[in-house]
Amino acid sequence: METRLDIVADLEELPRVIAWTDAFLDGRDPNDGLSGKLHLVAEELVTNVINHGYPPGTNGPIRLSLRAEPGGAVLRIEDEAPLFDPFAGDHTVDTDASVEDRDIGGLGLFLVTEVADRVVYTPLETGNRIEAWFGPEAPEKETNEPNASPAPDDPPEGSSLAWRFAASFFFVFLVSLACATALNFLKFERVFLDTAARQYDSILRDARSAIEGSLGEGLTLASNFSAQVVIDKTVSQHDGAFHLLVQDTAGETLFTDATSAPHAPLPPGLAERMVTEEDGFTRFGDAQGLGVAIVLRQAGEAVGMLALTHDPGAMTAEAERLRGVLLRIALMMLALFAPFIALLSYAVMVPVDRGHRRLSNALSRITGGGDATQNAGPQDEYALLSGARALDAALRDAANGGKA
Amino acid sequence: MSLEIMAEEIKGVAVLAPSGRLDTNTAKLLEERVREAAETQSDALLIDMGGVDYVSSFGLRVILGAAKTYKARDGRLVLCGLRKDVMNVFRISGFLKILTVTEDRDTALADLCRDA
């Protein structure tokens, strides 16, 4: 059961508020003295909004609602006044002070916190909300004072939000890092081959310059044994990681390096095709062997081509070895960071789990209330109300990001 | 939703007997009567709360103000006949520790007259 009342911020409205709380109770008093408590807390809170919430002379709106709880009630008061938590700071009253020393003011909010079983302030987008709980079902006594030390597993909303934000941030960070690592992990060969290709292009260009530079007047490519020297020297400089050969324009091999045969067979007609093309690198080959070729020119005329071939298997083996090393490092890092990740997961999951538990409790209460309605009575009404209220609270909490 | 106040003088003691609700809107009525009583009879004031079924912080404020006034003049203030809910609010506020509260009017008058 819930009832609402909208008033304007004017002390003349107080009698309406009191009559409204009486109508809500309708002669019942489920909690000893609830009527008097509701009168007092409603009057003090409404008076506080009128006298201290809205600027003087403005009669802004005040929305009240009362809902039944098993053995009690919850009074909610919302306004559109500037944000202000009346319960922030120290509002205790020295009840041991003498008549002369007692302050004449400050009793209203003190009475509210003493009479209600729990008071919660919530800032709204435009205004303030105060909820006062009465009865045995009220959550533990609390007036959300900023100085109050929070329970270890129940941090205040701001702190909890910061925690969850940090946890989410780290989670996303770790996932991105893992994805980037995995992608690079798979791309090792590609990276190696790309790097090698750039290196080979450079080697090939240097070798071509050397060969072309040695092609003097009257020499032909076939008779220029400097080319043999150049390719032998280049291959030996790089420990035979690749092979070089020179062909004439007809596709006949003129020189090869002193080592074994080239790893990759040249595509048929490569030399003939290349001389008609512009200068540049022509790539060929497959998984068994890769190569790159470049045209050789004498006095601006194509006289043959220089080709470099290599075995990609060597690089694959190196990539495999590095992959193994990285896998071991990753496992070691995982072992080191696992407790940290577990802690983060715990920080994120605890509020979520609490929300689920509340929801589950609410549902089970509803189920209990539903069964009991077969022997309808006041208790059953409360069971249903309680269940509905708990579900409402759980859903609202979930919407608020699991505020405890 | 109102407050009525009977004022009389018994054996030289000013007696105020409010009846109804002593709240934000009505507390000033009692405040005026306390001021009048203090002006005419400065020694002793008895507030008979038997007819008061509700008191808010504004009501408490007026009673504390009365206590301060009489204390400052070396006079005496006694309250009597507090109902259960009102007594509870007095207890929470700590007023029972600083005010003289008796069960009924006769005890209060006897107390005030003995001192006088």
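Predicted model: local features only at pLDDT ≥ 70, side-chain atom pairs only at ≥ 80, totals over all residues.
Biologist: Happy to get started! What is the order of the five strands in the open sheet of chain A?

Modeller: The pairing in this sheet is antiparallel, and the twist averages 25 degrees from one strand to the next. Read across the sheet, the order is E7-E6-E10-E9-E8.

Biologist: Which strands of chain A stand at the edges?

Modeller: Look for a strand that has a single partner, so that one side is left without a neighbour in the sheet. E8(A), for instance, pairs with E9(A) over four bridges, and there Phe284(A) stands opposite Gly291(A). The edge strands are E7 (253–256) and E8 (282–285).

Biologist: Which helix packs on the sheet?

Modeller: This helix touches E6, E7 and E10 of chain A. Its direction makes about 40 degrees with that of E7(A). The helix is H6(A), residues 226–237.

Biologist: Now to another helix: how many of the nine residues of H3(A) are buried?

Modeller: Among the buried ones are Leu109(A), Phe110(A) and Val112(A). The buried residues pack against H2, E4 and E5 of chain A, together with H2, H3 and H4 of chain B. H3(A) is largely enclosed by the rest of the structure because the buried count is eight.

Biologist: Good to know! What is the mean pLDDT of chain A?

Modeller: Some stretches score below 50, including residues 142–157 of chain A and residues 369–381 of chain A. Even so, 82% of the residues of chain A reach 70 or more. The mean for chain A is 79.

Conventions. Residues numbered from 1 in each chain as written. Chains lettered and ligands numbered in written order. Heavy atoms only, no water. Pairing = 2+ DSSP bridges. Helix = DSSP H or I, 4+ residues; strand = E, 2+ residues; numbered from the N terminus. Axes fitted to C-alpha atoms, helices over the stretch in contact; angles between N-to-C directions. Contact = heavy atoms within 4.5 Å. Buried < 20%, exposed > 50% of the residue type's maximum accessible area, 1.4 Å probe, protein only. pLDDT = per-residue confidence, 0-100.
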